[in-house]
Amino acid sequence: MKIKYFLKILLGIFFIVSGALKIQSIDSFEIYVFSLGIFSLNLSFLVARMVISIEIILGVFIIFGVYKKLTYWSTQLMLIGFSFFLLLLIIKNQTDHCHC
């Protein structure tokens, strides 16, 4: 049971730290999201800030056990999405810094 609690806290801290590091260089992260060519400039700013907010909120929710089912599924979707995104970057051989 202690390992489960430890891993839960570790994952929550991982999400919070990841979001906090993106806040430090938010301009770079917003420009990177725009450079993907999926969103317009204004929408990419909004998407970047939403990703950061969701990461931090999920981290806090994981640590404190708030909305367990919603947090579980949201965390899984975010981790799967980030994994596929990084896999796509590896396949395309893009080694530039993603600011994440």
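**Figure 1. Salt bridges of the predicted model.** Two salt bridges are counted in this predicted model, a salt bridge being a side-chain nitrogen of Lys or Arg within 4 Å of a carboxyl oxygen of Asp or Glu. Residues are numbered from 1 along each chain as its sequence is written. Because this is a predicted model, local features need pLDDT of at least 70 and side-chain atom pairs count only at pLDDT 80 or more, while totals for chains, interfaces and linings use all residues; side-chain values use heavy atoms, with hydrogens and water left out.

**Figure 2. Close-up of Glu55 and Lys22.** Here the side chains of Glu55 and Lys22 form a salt bridge, with N and O 2.8 Å apart. Glu55 belongs to helix H3 and Lys22 to helix H1, so the pair ties together parts that are 33 residues apart in sequence. Helices are DSSP runs of H or I with at least four residues, and they are numbered from the N terminus. Both partners can be checked for burial, where buried means under 20% relative accessible area, exposed means over 50%, and partly exposed is in between (1.4 Å probe, protein chains only). Glu55 is buried because its relative accessible area is 2%, and Lys22 counts as buried at 3%. What else does the side chain of Glu55 join in a polar contact? The partner is the side chain of Ser18, at 3.2 Å. A polar contact is a pair of N or O atoms within 3.5 Å; within protein, one must be able to donate a hydrogen and the other to accept it, and residues adjacent in sequence count only if both atoms are side-chain atoms. Setting aside neighbours within four places in sequence, Glu55 is in contact with Phe15, Ile16, Ser18, Gly19, Lys22, Met78 and Phe82, where contact means heavy atoms within 4.5 Å.

**Figure 3. Close-up of Arg49 and Glu30.** In this salt bridge the closest N and O atoms of Arg49 and Glu30 are 2.6 Å apart. The pair links distant parts of the chain, with Arg49 in helix H3 and Glu30 in helix H2, 19 residues apart.

Figure 4. Ser44 sits in helix H3, which covers residues 41–64, and Ser44 is buried, as its relative accessible area is 0%. The side chain of Ser44 reaches the backbone oxygen of Leu41 at 2.7 Å. Not counting residues up to four places away in sequence, Ser44 touches Glu30, Val33, Phe34 and Phe39. Val33 itself is found in helix H2 and is buried, with a relative accessible area of 7%.

**Figure 5. Helix H4 and what covers it.** Helix H4 runs over residues 68–91, and its 24 residues should span 34 Å at 1.5 Å a residue; the end C-alpha atoms are 34 Å apart, which agrees. The expected span is 1.5 Å times one less than the number of residues. Which residues of H4 are buried? Thr71, Thr75, Met78 and Leu89 are buried in H4. Helix H1 (2–24), helix H2 (26–35) and H3 are among the elements that cover the buried residues of H4. After H4 comes Asn93, whose phi is positive, near 60 degrees.

**Figure 6. Aromatic pairs.** The model has four aromatic pairs. Rings of Phe, Tyr and Trp (its six-membered ring) pair if their centres lie within 6.5 Å; planes under 30 degrees apart count as stacked, over 60 as edge-to-face and the rest as tilted. One of the pairs is Phe14 and Phe15, with ring centres 6.1 Å apart and planes at 90 degrees, so this pair is edge-to-face. Phe14 is exposed, with a relative accessible area of 52%, whereas Phe15 counts as buried at 2%. Tyr72 and Trp73 also form an edge-to-face pair, 5.2 Å centre to centre and with 80 degrees between the planes. Tyr72 counts as partly exposed at 46% relative accessibility, and Trp73 is exposed, with a relative accessible area of 54%.

Definitions and conventions. Helix = DSSP H or I, 4+ residues; strand = E, 2+ residues; numbered from the N terminus.
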